[in-house]
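Welcome! Take a moment to turn the model around on your screen, and then let us walk through it together.

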Amino acid sequence: MDNDREVVFATRGLTRLYRMGEVTIQALQGVDLALRRGELLVMLGASGSGKSTLLNILGGLDSPSEGEVHYRDAAGREHDLSRASQRELTRFRRHHVGFVFQFYNLISSLTARENVAIVTEISRNPMTPEAALALVGLEERLDHFPSQLSGGEQQRVAIARAVAKQPDVLLCDEPTGALDFRTGIRVLEVLERVNRETGTTLAIITHNEVIGEMADRVVRLRDGRVDEIHANAQRRPAHELRW
Amino acid sequence: MLTLNRKLVRDLWRLKGQALAIAVVIASGVMTLIISVTTLEALSGSRDRFYASHHFAQVFVDIKRAPRGLVTQLQAIEGVNLVEPRVRAAVRLAVPDFEDPIRGTLLSIPDGRQPTLNRLHLVAGSLPEAGRDDQVVVSDAFAEAHGLAPGDALEAIIDGRHTALRLAGIALSPEFLYQAAPTDLMPDYRRYAVLWMNEHTLASAYGMRGAFNHLSLTLQAGADEKRVIDALDLVLARYGGTGATTRHDQQSHRFIEEELAQQRIQATVLPAIFLSVSAFLLSVVMGRIIQTQREPLAVLKAFGYRDGELARHYALLAGAIALLGWALGVALGAWAASGLAGVYRDYFRFPEMVFRVPPWALALSLLVVVLAALTGTWRAVWRAVSRPPAEAMRPPAPIRFRRTCLERILPGTLLGHEARIILRHLARHPAKASFSMAGIALSAGLLMMGAYQLDAVERMIDQQYRQVLLMDVELTFSEATPARAAGELRHQPGVLTVETWRRVPVTLIHEHREYRTSLLGMVPEPQLRQVLDGQRRAQRLPESGVMLTRHLAGELDARIGDTLEVAIMEGQRRRVSLPLVALVDEPLGVGAYMTREQLNALMREGPAISGAWLLVDPARTDALNAALWEMPGVASIGLLAEAERGIRDYLDETILLVALVFVAIATAGVIAASLLVDLLVVRRLGRLDMIRVLKAVE
């Protein structure tokens with residue numbers, strides 16, 4: 001991985017506390033991390049290690065309790081996400097980030113095409129929903145509702161939805177967590193292709209160690225802290241992965 | 001936003017059951033509003049137009065007899081605009097092939113032309129030609145009831161003489177929009193008629209040439225009504241004036257006013273109840289719907305949808321439901337109002353009565369519904385959209401519950417898990433729970449009220465005709481008649497019992513309150529016309545003093561022992577003081593009662609009577625009717641069974657509509673209740689599932 005690449009995300013001393021009912025949970029405890037433009041980063045960690053919380057903060061879905069997050073867009077403008085208002089965070093999500101969630105989170109009353117269109121309609125420079133679905137190999141399933149699609153197909157629709165607006169960054173939260181091995185590989189191949197062909201910065205969080213092999217760098221999280229950062233000398237193609 | 005709108009339509013379709021339920025509740029509110037305002041506007045608009053175009057008078061006064069020359073003097077009273085002197089008389093009629101006696105009011109019109117005031121609206125034929133003695137115009141309701149047409153013959157007893165009449169025309173009058181006989185509650189078009197004939201003929205028949213016995217007039221703009229009335233009474237007292245009255249005391253006008261007042265209340269109270277229940281239901285159900293939308297909402301937020309865009313999306317969802325309810329309400333309201341139009345056309349005789357849903361009512365109801373929908377929804381929507389998306393994607397934190405007071409008081413074994421869950425839920429949202437209970441109570445109350453009203457009316461009629469009015473026939477004489485006339489009545493065919501009565505128009509005054517009514521003088525222990533106490537026992541009339549119905553005493557704010565001023569409006573007009581000695585419990589009427597002897601003494605007259613009540617042998621009714629027809633002094637013959645039938649017919653006609661409205665209300669109430677119960681059950685089941693899970697884990 002080229003260390004000279006421009007830093008897209010930089011976090012310093014990132015902390016996040018949650019109150020769940022009467023219990024307080026410290027999800028992040030001082031995370032320092034940099035994410036570079038065009039890289040494929042895999043964040044590994046067990047349940048409760050804070051990886052989803054970190055991804056949410058990077059994507060502007062959540063705000064840190066303490067610490068800083070800075071984002072530099074493709075035009076070179078700097079955004080301080082830790083001090084951004086809800087309105088600014090919404091704008092950031094609208095124009096810069098795409099999300100893929102573990103349970104796809106498709107809108108069940110909309111078809112595959114409409115699930116993508118609902119995002120492209122508010123984007124500045126989107127692909128057509130058809131092109132985005134073709135990118136994930138679903139050009140034949142445009143008018144199917146989520147209930148008519150398999151889990152893998154649903155996740156590919158979710159990826160199409162995330163990439164259709166051509167975001168600078170694609171953040172994926174356990175994208176293969178709900179899928180079988182074969183379907184999981186197919187989804188990873190799509191993500192790899194998006195990263196390679198569009199140059200989109202890609203962060204994947206997973207608890208599956210094997211997936212780390214396809215990354216430029218692997219970040220290990222434990223108890224809300226960065227435990228280790230490891231750069232792969234060579235990215236392994238997704239289709240070669242086995243678990 | 002196209003796709004978001006598509007989502008909206010599909011969400012609506014998915015929620016069709018709940019959406020329809022809320023829409024029905026909203027529709028009930030809109031429907032009651034539309035029915036009330038449409039009826040209100042149709043009635044008041046038609047009335048006002050008819051009054052204005054046909055110069056309905058503002059002040060009315062009955063006089064014993066006054067010379068026509070007096071008109072100039074009356075005209076000169078400050079504030080008086082137009083004056084119309086008339087001859088007015090009670091008349092009895094006979095129509096071919098109709099056996100029952102018919103009562104009528106005969107009014108004079110200037111020979112061959114329209115009067116200045118209270119002009120007639122001719123439906124068919126023409127006014128009587130000048131110089132024709134036999135031509136009359138009859139009220140259209142009467143003509144319709146008997147299928148009469150211009151040219152048909154009628155027979156009348158005018159001042160004791162049989163007179164053959166011919167129908168010149170059929171007309172409507174602003175004076176008789178509601179056309180009931182002066183002493184009747186309900187119109188009976190077959191047995192009561194209003195007729196108009198040339199003044200020359202009528203005055204000659206009643207010995208009123210160059211004189212009049214009724215006056216109507218209009219006032220100049222800004223005139224002081226009270227001062228005009230005082231001045232009129234002063235001038236007319238010596239001519240036997242019974243006291244001028246305003247439209248307020250005019251029978252037809254008063255009836256319409258009461259109907260309008262009732263509609264006004266209906267137009268505010270019922271829609272207000274329904275729309276606030278709808279707003280509450282919308283808030284509860286939308287809250288629940290939005291809870292189920294937690295995930296798509298979070299996703300849309302994650303992809304950059306703004307709070308405002310999402311709030312608008314869900315507001316549109318609520319708005320669409322509200323709009324559906326509104327449209328349903330307008331359609332049902334317009335349909336019910338057109339049904340009501342039929343009933344009103346029968347009872348209020350307007351030349352035209354346009355039932356049209358006023359655009360302002362549509363706009364107002366739409367505004368109210370949209371406001372109710374938004375008020376009910378904004379909190380749930382705003383709470384949902386303002387939640388950070390990451391938080392919205394996480395499972396909700398366990399809700400904070402507490403042990404309730406009841407659990408602390410009662411031993412632990414007494415309350416099961418389910419009871420505890422329900423109690424804790426209720427205690428968590430005491431306001432919501434109270435409002436739910438209040439809403440259900442209100443629905444139940446409305447249902448009870450509907451059923452109660454119908455039963456109450458039924459009971460009142462039963463009481464009036466089974467316990468109070470026990471006579472079969474009520475005869476009214478043209479004028480006060482010596483009591484010995486009762487002897488002649490006793491000998492008529494089929495007459496079993498005769499009881500005489502004297503009625504005198506009076507104004508009762510107590511402190512600053514006054515009420516125009518009549519004093520009814522009866523035998524001390526009346527058998528055919530009972531006077532009941534609170535326990536429905538027949539009372540004996542007191543030797544001295546006056547008895548009032550409880551309602552009338554309330555109107556006058558008078559109690560037993562108080563002294564009432566009585567202004568006598570007949571014969572020698574004077575004021576006397578009488579003690580209020582007892583109260584009467586009667587379901588209908590504002591009567592004042594005393595013994596006939598006492599009333600005769602008050603009037604400084606001998607044993608005079610105004611009429612008689614008869615108990616008759618039903619087998620000989622026809623012979624009796626024929627005999628009564630021949631009696632010259634009888635102004636009217638009232639059959640009690642027919643009067644009762646008239647009321648019951650009216651109720652039967654309106655009851656279907658009333659029933660429909662209450663069915664709608666009941667449906668709405670049941671829906672409201674079931675939605676709330678559903679919410680409780682869903683929550684309860686949710687908790688029970690959790691218990692099952694816990695048990696399985698154990």
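This is a predicted model: local features need pLDDT of at least 70, side-chain atom pairs count only at pLDDT 80 or more; totals for chains, interfaces and linings use all residues.

Residues are numbered from 1 along each chain as its sequence is written, and chains are lettered from A and ligands numbered from 1 in the order in which they are written.

Let us begin with chain B. It has 19 helices and 20 strands; here helices (H or I, at least four residues) and strands (E, at least two) are DSSP runs, numbered from the N terminus. Of its 698 residues, 40% count as buried. A residue is called buried if 20 or more other C-beta atoms lie within 10 Å of its own, exposed if 12 or fewer, and partly exposed in between, with the C-beta atoms placed from the backbone. Among the contacts in chain B with a separation of 6 or more, 82% come from residues 24 or more positions apart. Two residues are in contact if their C-beta atoms, placed from the backbone, lie within 7 Å.

Now look for a sheet in chain B. Four strands form an open sheet in the order 2-10-1-11, with antiparallel pairing; strands pair if DSSP finds at least two bridges between them. Which strands stand at the edges? They are strand 2 (80-86) and strand 11 (245-246) of chain B, each with a single partner strand, so one side of each has no neighbour in the sheet. Further in, strand 1 (residues 59-67) and strand 10 (residues 211-219) of chain B are joined in the antiparallel sense over six bridges. To find this pairing on screen, look for B:Val61, which stands opposite B:Leu215 in strand 10 of chain B. Helix 6 (residues 225-236) of chain B lies across strand 1, strand 2, strand 10 and strand 11 of chain B, and runs at about 15 degrees to strand 1 of chain B. For such angles, axes are lines fitted to C-alpha atoms, for helices over the stretch in contact, and the angles run from 0 to 180 degrees between N-to-C directions.

Two loop residues of chain B are worth a stop. B:Asp97, in the loop between strand 3 (88-94) and strand 4 (102-109) of chain B, has a positive phi of about 65 degrees although it is not a glycine. B:Asn118, in the loop between strand 4 and strand 5 (121-125) of chain B, also has a positive phi, near 50 degrees, and is a residue other than glycine. Are these residues buried or exposed? B:Asp97 counts as exposed because it has 6 C-beta neighbours inside 10 Å, whereas B:Asn118 has 23 and therefore counts as buried.

In the model, residues 269-290 of chain B are 100% helix and 0% strand, with end C-alpha atoms 31 Å apart. Residues 357-378 of chain B are 91% helix and 0% strand, and their end C-alpha atoms lie 30 Å apart.

Next comes chain A. Here too is an open sheet of four strands, in the order 2-1-4-5 with antiparallel pairing. Strand 2 (23-36) and strand 5 (78-80) of chain A stand at the edges with a single partner strand each, so one side of each is left without a neighbour in the sheet. The twist averages 20 degrees from one strand to the next. Strand 1 (residues 7-20) and strand 4 (residues 66-72) of chain A pair in the antiparallel sense over five bridges, and A:Thr15 stands opposite A:Glu66 in strand 4 of chain A.

Finally, turn to where the chains meet. In all, 23 residues of chain B are in contact with 20 residues of chain A. Helix 1 (2-14), helix 8 (294-302) and helix 11 (389-393) of chain B each supply at least two residues of the side that touches chain A, and helix 1 of chain B gives the most, with eight residues.
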